[in-house]
Amino acid sequence: MRGATTNVCYNALDRHVENGDADRVAFYWEGNEPADDEVVTYGQLLERVRRCSNALRALGVRRGDPVAVYLPMIPELAVTVLACARIGAVHSVVFGGFSADALADRILDAKCEVIVTSDGFWRGNKLVHLKEIADHAVQECAEKDHTVRKVLVVRHLPRLKQHTGTNGATDGEQPAKKMEYDIEAAWSAGRDVWWTDAMKEAAPDCEPEWMDAEDPLFMLYTSGSTGKPKGVLHTTAGYMLYAATTFKYSFDYHPEDVYWCTADVGWITGHSYVVYGPLLNRATSVMFEGSPFYPNGERPWQIVDKYAVSKFYTAPTAIRALMRLGDELVTKYSRRSLKVLATVGEPINPEAWLWYHRVVGDARCAVVDTFWQTETGGHVITPLPGATPTKPGSACRPFFGVQPALLDEQGVEIHGPGEGYLVFRRPWPGIMRTVFGNHERFETTYFKKFNGSGAFPLTESGRSSVFPLTEFCAQIESALIEHPAVAEAAVVAVPHSIKGEAVYCFVTNKQGTEWSDQLKKDLILKVRERIGAFAAPDYLQSAPGLPKTRSGKIMRRVLRKIAVGDRQLGDVSTMADSTVIDTLFELRSVHLK
């Protein structure tokens, strides 16, 4: 209806509290340490969000302003995101594993003047100095003539319940290790503000801003073919409807369920299926800060039993790694509460699918293999539990209203099995609306591939993923060529038995420089600094030349074949110099010894 308004935060929180669900659990927060936990009800979450909304306004945030959120998986992350939605600010969440350079890129592109971060966090045994990284990013922004006015800082360390005298351990349990460390990061008076101080001063009441259906809700950066991250922009009503609906039907959610998605809110999965989708459905969820392998590989199943989790959503990478640890770590826990097991982030191989179904789910749980991306806002291809016949390794059927097709390079539709471009014939409510600040790039990237046919292409070769390494290949290439010894680089993703995908880099040296182990170390460090440790190359290969078309385009399809040792290259008639192929295969055998 023209002129109608709404607010996503109101629908996620106020509506439920007004209907008598203030005491219903919104989140069981599970910290990195097994003894570190917290229960947050809908009423408590609403009060915190209202205070945070007023605190952000006190920092100068107004409707339409972008806010960078650089936080670990703690309740304050959900509070901040919802507070932005409440006052009409546009949140830009940046994954806590990104480097200062990557954070600065995103702050600069969105022109954020306010950042919300924390002193740091533990991921397993690794301590991450988050405030220190944020400070470096702010300095980089200043050097490029952009000023970050305010940095709101959550004191997260130490968070463990050490005031109990047992560090949160109950009778019969071993006390968790003491958390007697603070991070004393540099403090900029006048710019930096402690979260606790801001919340104490903030009023407990805050009316929501009423937003138009197409008003921006959030942006989330994903990599593009140029290596420059692009801000995928989602808007209010369509995204809200799609996140809520896909959550309800993809997981067959019922009020008595306890749902757990292991994703970080730094990715789209965390937006749609940790924060918005569950809360819009009045769901009770687990929010997990730690690693599924800390303190050991029993942790996921211990959490499932602790909270009686019935709907579990995780990545095939984690499933494969847990599978390698043996069935005994799973079967020692009952897992009787489980009803639906879902996967996200990449294709799941049939072996892992079957283990997930037979061992984790005792062959009685539905397995839901979801396909979607940052751009789609929610699931676009997925089975529905109990309604869709499933096949190991297949996402099965399109979601309601989604019309996919498979096209070849010339835009001709492929009927039946085949490889090509997965496209969609028509939009759906959760589809992205633009690339922030660059609508021309949006049209060029998503709608001009097939000569204006209107098809929305998401992926090559049939399937991609929500957090694919392929999404970062261009960024990794950009980082590699910053090294003074590198003339050119091409990066492809190759299959990996645990991670699903590994980063394989072909590097061409400049004349007068040599390929060496030290150069490889320098290149890995360069990628870690520019993007983050998660994007570090798995394989680096010297490439005196790269396979290119006569027009100079790198043939990455051929490079993927070389990377896996497959000499069945297909049609290479357009290649300018085919002699480079044998050289690259020979060097591959040397580098992989």
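Is Lys131 buried or exposed, and what is its relative accessible area? I looked this up before anything else. Lys131 is buried, with a relative accessible area of 1%; buried means under 20%, exposed over 50% and partly exposed in between, using a 1.4 Å probe and protein chains only.

A note to myself on the source: this is a predicted model, where local features need pLDDT of at least 70, side-chain atom pairs count only at pLDDT 80 or more, and totals for chains, interfaces and linings use all residues. Residues are numbered from 1 along each chain as its sequence is written, and side-chain values use heavy atoms, with hydrogens and water left out.

**Around Lys131.** I found Lys131 in helix 5 (residues 130-143); helices are DSSP runs of H or I, at least four residues, numbered from the N terminus. Leaving aside residues up to four places away in sequence, Lys131 touches Thr117, Ser118, Asp119, Val151, Val153, Ala185, Ala186, Trp187, Arg191 and Asp192. Contact here means heavy atoms within 4.5 Å.

**Helix 3 and its partners.** I checked helix 2 (residues 42-58) against helix 3 (residues 75-87): they pack at about 65°, axes 8 Å apart. The axes are lines fitted to C-alpha atoms over the stretch in contact, and angles run from 0 to 180 degrees between N-to-C directions. The contact residues of this pair split into 11 nonpolar, 2 polar and 4 charged. I'm counting Ala, Val, Leu, Ile, Met, Phe, Trp, Tyr, Cys and Pro as nonpolar, Asp, Glu, Lys and Arg as charged, and the others, Gly among them, as polar.

**The cores.** Which residues touch the most other members of the largest nonpolar core? They are Leu45, Leu82 and Tyr276, in a core of 83 residues. Such a core is a set of buried Ala, Val, Leu, Ile, Met, Phe, Trp, Tyr and Cys residues joined through side-chain atoms within 4.5 Å. Helix 3 gives this core its largest share, 9 residues. A second, separate core has 46 residues, including Leu103 and Val507.

Terms used
Helices (H or I, at least four residues) and strands (E, at least two) are DSSP runs, numbered from the N terminus.
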